[in-house]
Amino acid sequence: MAEAQTLYKLIVLTMLDRVDFPLNNAQISDFILSKEYTNYFTLQQVLSELVETELAEINTVRNSTYYHMTEKGKDTLTFFGSMVSAAILEDMDRYFKDNAIALRDETAVRADYFPNNHDEYSVRLRVMEKEAPIIDLTLSVPTESQANSICNHWKKKNQKIYAYLMQELL
């Protein structure tokens with residue numbers, strides 16, 4: 001069982017290594033569970049252990065947990081990455097190729113809100129490329145429902161809003 005857990009950890013680390021953006025729990029789960037490498041509960045345990053052992057770190061935004069590989073994780077993958085079979089690597093490459101745009105869009109467009117010091121909510125809207133912001137906008141709104149609504153609309157309308165801002169400002 002320990003050997004299987006090690007393999008699952010290496011699969012996740014390999015996934016994180018093969019993309020230039022963080023992956024969320026749902027994306028990692030989608031790949032691993034769709035290929036039936038393991039079950040949901042084992043995968044969640046593996047993800048938790050990767051964070052506990054500092055091979056990966058998490059960033060939580062609203063209801064999504066994003067995973068990033070640490071330097072310690074990269075070192076581990078350097079030493080033990082060969083344990084991931086060529087067949088699994090092919091499956092992974094195919095998954096990333098088939099889902100590249102959706103994966104990037106899902107992690108690149110970020111929206112979150114939090115209460116501020118003025119009994120209002122600050123809404124932070126970002127579009128990221130390789131962990132660098134293309135746009136980073138913070139708005140203050142009076143109610144939590146407005147903040148939530150803005151976050152939900154940002155996913156659908158960020159490109160149009162970015163284009164509008166660029167046109168007006170240039």
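Reader: What makes β2 and β3 a pair of strands?
Author: Happy to walk through it! In this predicted model, six bridges join β2 to β3 (residues 64-69). Two strands pair if DSSP finds at least two bridges between them, so six bridges meet the cut-off and the two count as paired. The two strands run antiparallel, and Ala56 stands opposite Met69 in β3.

Reader: Why is one side of β1 and of β2 left without a neighbour in the sheet?
Author: Good one. Three strands form an open sheet in the order β1-β3-β2, with antiparallel pairing. β1 (23-24) and β2 (56-61) stand at the edges and each has a single partner strand, so one side of each has no neighbour there.

Reader: How do you know that β4 and β5 pair too?
Author: By the same test: at least two bridges are needed, and seven bridges join β4 (residues 109-115) to β5, so they pair. These strands run antiparallel and form a hairpin with five residues between them. In the turn, Asp119 has a positive phi of about 55°. Val109 stands opposite Val127 in β5.

Reader: Which residues are closest to the centre of the largest pocket?
Author: The largest pocket has a volume of about 220 Å³. Of its 13 lining residues, Asp105, Val109, Val127, Asn158 and Gln159 are the closest to the centre.

Reader: What makes a residue part of that lining, and which element gives the most?
Author: A lining residue has an atom within 4 Å of a pocket point. α6 gives the most, with five residues, while α5 (86-108), β5 (121-129) and α6 (144-169) each supply at least two. The lining divides into six nonpolar, two polar and five charged residues.

Key: Residues numbered from 1 in each chain as written. Predicted model: local features only at pLDDT ≥ 70, side-chain atom pairs only at ≥ 80, totals over all residues. Heavy atoms only, no water. 1 Å grid on protein atoms, 1.4 Å probe; cavity = no way out; pocket = protein on both sides within 12 Å on 5 of 7 lines; lining within 4 Å. Points joined across faces, edges and corners; volume = space filled by probe spheres on them. Helix = DSSP H or I, 4+ residues; strand = E, 2+ residues; numbered from the N terminus. Nonpolar A, V, L, I, M, F, W, Y, C, P; charged D, E, K, R; others polar.
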